[in-house]
Amino acid sequence: MGKILIVDDTLFMRTLLKNVLFNGGHTVVGEAVDGEDGVAKYKELKPDLVTMDIVMPKQNGIEALKMIKAFDPAAKIVMCTAVGQEQMVKLAIKSGAKGYIIKPFQAPKVLEEIKNVLSA
Amino acid sequence: MSEFEAYRGLFVAESRENHENLVRNLLLLEEGTYENTIDEIFRSLHTLKGASASMGFSTMEHLCHTMEDVFSLIRNGSAEISSDLINLLLACSDLIEQMLDDIESGGDSSQIQTGEQVTALKQWFTDQSNPSQDGTNGMEDSPVVQSNDDSPEKTGAQNGEESRPQYDMRITVAADCQMKDVRAMLVLENLDSLGTILSVHPSREAIDEGKFDGQLRLSIASDAGEEALRTAASGSEIATIEIKSAAQEEEPVPEESVDAPKTVEAEKKQTATADKTREIKNLRVDIHQLDHIMNLVEDLVINRGRLKQIADQHRIKEMDEAIAMVDRSVSELQNQMMIIRMIPLNHIFNRLPRVVRDVAQYDNKEVEFVMEGGETELDRSVMDGLNDPLLHLIRNAVNHGIESPEERKRAGKPQKGFVKISAYRDRDNVIIQLSDDGAGINVNRVKAKAIEKGLITPEAAETFTTDQAIDLLFQPGFSTADKISDISGRGVGLDVVKKAIEALKGTIRVETTQGQGSRFELLLPPTMAIVDVMIVKINGKRLGIPISSIVEVANFQRNATHRIGKGEAILLRNEVIQILWLTELVGESEHCEILIVVQYQKRKCCIPVDIVEGKQEVVVKPLSSFIGNTRGVSGVTILGDGTVVPVLDVNTLV
């Protein structure tokens, strides 16, 4: 069970993910609509884990990930990705992402990844 | 699918925004604006793809995916943008719009035929990628971003590594894992934090390039111990981990499954509710719900009036105070509802560049289109009625206004025509101006056409002023276009535009200079539902006159009236103003003592009334649903005492 910040530019994806996380017993402490917002909310809310979309306006997920990591090297960030974005995710992992979940989201897989990353 | 039914509305609403963004940026791209444009297109497509995949709309997902692939080539610079490609992509975005319509009405987008466009995109893709690339890259994995690997592979034992215990590990990624190479990389990164990886197979480069078959073999030097290494390597989608100390050369450690299904159900707890109140600052509401609330507010406004009257009649002081409080709340509620219902004009404006482009392309014209003031807000009901007239005017401006490049050259104008739409708020009104630097309206041709159509006689035409002639354009059945075009034709003329604008309680005005262009100006009330009216009485009957059109209230001196032709006028402060008797509406009255001077644009007239009862905010209900449009009356309102009172429509009266 963790406090989670969702960073995604679409309300649709945030809502889907929020419900999955909520049903898995997690607490969504905040939602951010782009990378910049994500970094700001991370600093403000200090969540246990961040789900980070990659393709976003203003600041993409990789840049936001780097900013958060610079602020808190222990930050646990799970990338939200899609088939075809392997290179992006690899880049994210090299920059310190701790996991990834693939759209379309499958609730059991999402929850397993979140749980594993939280307990690591 | 059914589990996602609840998200359908949200999906459609958000996808429409992304679709709009897509079209807008495609047009920018066509004009040669590359900065951010490609990223924006990519982002919109990506979001559309992801959302449609989540909803299970595979036809739409497939289309977006194919478009995205095309853009990944453009983005990494290995393909050029041509106008053919833009046309194809716009056609594809039209399909997306059709799909969204289909999905909105309960479908799943599979009815929309996409074969032709998808094939064309794929053809383009192969054409572009074959000459430049080695051909092994399918559409699925075209490189998106060049990864700059800043952690060079550590091969062989480095200084001091011999002193640390070494382990050989064999890690298998679960067969159903969707991105095995990414998972492998995650494992390597996790192990990196515990020690030094001495060798790894497949190599990091190979994994980076996606060459990974599911099993990772590596040796690592680490002080962390076997258990810590096992934990670091384990995680989601890891099937087996074998680990042995490099010193021991015994039989392999039996495989151990770490992929024990962790029951999710057990974790379903309601602990989250405490923090749930945070963070939700915006929400989307179905417009029908808002309409319903608006109706309730309107009822409340009517009933507030009724309560006020009762309190007045019975002179109950306590009730007066209570009503004053209710009054304040109702007014505030009303204001807030108005604000909530306001949406920016961009909702319509965003579609216009595409319209201009299509018409210009069809007519072989060159047009620069500028929009300003799209953030100006209007009530949703006004917005709904404004869409078609605006589209029509825009089409007209390009189709009839702007000349062909050759004609423009001959006239000494820049080859590219200029069309501009701007909107701004002016006190109580929203003004939308649409101007072009085209040929302007040929007044003589308008007159000739009107004579030909039998709208006016040749004699009358002689006496017509320019303004009067332009008014002819708005007559039913008038069209100056020599031939009916597919684009602006459609069988509607400016008369329909005018009617639509008037139905919104707005007005339309045209200024034109031959050879230099035309300007259409729409004046619209930002909201229609609630208006300030003056309640007057004539012949014992009540009428409402919108305050916004009243310029003066004066004493009516019968002896100051003069007959002019058929009508009657009065001299008021050196101004001759026509008198408008409302006999037809309310019957004759002998006791008219007050004159209400109303104005519409530059025309004034005055209405004699018996008495003025006061000013009131009322809800105007349109007549159209039961008796059709009546000239001079915009609707009715119900006063506090239950009487139904017509509200005058000054625009059509004057």
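Helices (H or I, at least four residues) and strands (E, at least two) are DSSP runs, numbered from the N terminus. With that in hand, select the loop between α12 (352-363) and β6 (367-372) of chain B, where Asn364(B) lies. Residues are numbered from 1 along each chain as its sequence is written, while chains are lettered from A and ligands numbered from 1 in the order in which they are written. This is a predicted model, in which local features need pLDDT of at least 70 and side-chain atom pairs count only at pLDDT 80 or more, while totals for chains, interfaces and linings use all residues.

**Stop 1**

Is Asn364(B) buried or exposed? A residue is buried if 20 or more other C-beta atoms lie within 10 Å of its own, exposed if 12 or fewer, and partly exposed in between, with C-beta atoms placed from the backbone. Asn364(B) has 9 other C-beta atoms within 10 Å and is exposed.

Now select Lys46(A), in the loop between α2 (35-45) and β3 of chain A. Lys46(A) is not a glycine, yet its phi is positive, about 50 degrees. With 12 other C-beta atoms within 10 Å, Lys46(A) is exposed.

**Stop 2: chain A as a whole**

Colour chain A by secondary structure. The chain has 5 helices and 5 strands, and from the N terminus on the elements run β-α-β-α-β-α-β-α-β-α. Of its 120 residues, 64% are buried.

**Stop 3: the sheet of chain A**

Select the strands of chain A. In what order do the 5 strands of the open sheet lie? The order is β2-β1-β3-β4-β5, with parallel pairing. Two strands pair if DSSP finds at least two bridges between them. Strands of a sheet pair through backbone hydrogen bonds, either parallel or antiparallel.

Go to the edges of the sheet next: β2 (27-32) and β5 (99-103) of chain A each pair on one side only. From one strand to the next, the twist averages 25 degrees.

Pick Ile4(A) and look across to β3(A), where Leu49(A) stands opposite. On to the next pair: β3(A) and β4(A) also run parallel, with 4 bridges between them. Here Asp53(A) has Cys80(A) in β4(A) as its bridge partner.

Select β4(A) by itself. Since 6 of its 6 residues are buried, β4(A) is largely enclosed by the rest of the structure. Both faces are covered, with Ile77(A), Met79(A) and Thr81(A) buried on one side and Val78(A), Cys80(A) and Ala82(A) buried on the other.

**Stop 4: from β5(A) to α5(A)**

Follow chain A into the loop between β5 and α5, where Pro104(A) is found. The peptide bond from Lys103(A) to Pro104(A) is cis, with omega near -5 degrees. Helix α5 (residues 107-119) of chain A lies across β3, β4 (77-82) and β5, running at about 170 degrees to β5(A). Axes are lines fitted to C-alpha atoms, for helices over the stretch in contact, and angles run from 0 to 180 degrees between N-to-C directions.

**Stop 5**

Select α1 (residues 11-23) of chain A together with α1(B). Their axes come within 9 Å and cross at roughly 150 degrees. That makes α1(A) roughly antiparallel to α1(B); angles under 35 degrees count as roughly parallel, over 145 as roughly antiparallel, 65 to 115 as roughly perpendicular and the rest as oblique. Show the side chains of Leu11(A), Phe12(A) and Thr15(A) on α1(A), and of Leu10(B), Phe11(B) and Glu14(B) on α1(B), which make the contact. Two residues are in contact if their C-beta atoms, placed from the backbone, lie within 7 Å.

**Stop 6: chain B**

Chain B has 21 helices and 23 strands, and 31% of its 654 residues count as buried. Select α1 (residues 8-31) and α2 (residues 37-55) of chain B, whose axes come within 9 Å and cross at roughly 155 degrees. The two helices are therefore roughly antiparallel to each other. Residues in this contact include Phe11(B) and Leu29(B) of α1(B) and Ile41(B) and Met55(B) of α2(B).

Finish at Pro202(B), in the loop between β2 (195-201) and α7 (204-208) of chain B. His201(B) and Pro202(B) are joined by a cis peptide bond, with omega about -5 degrees.
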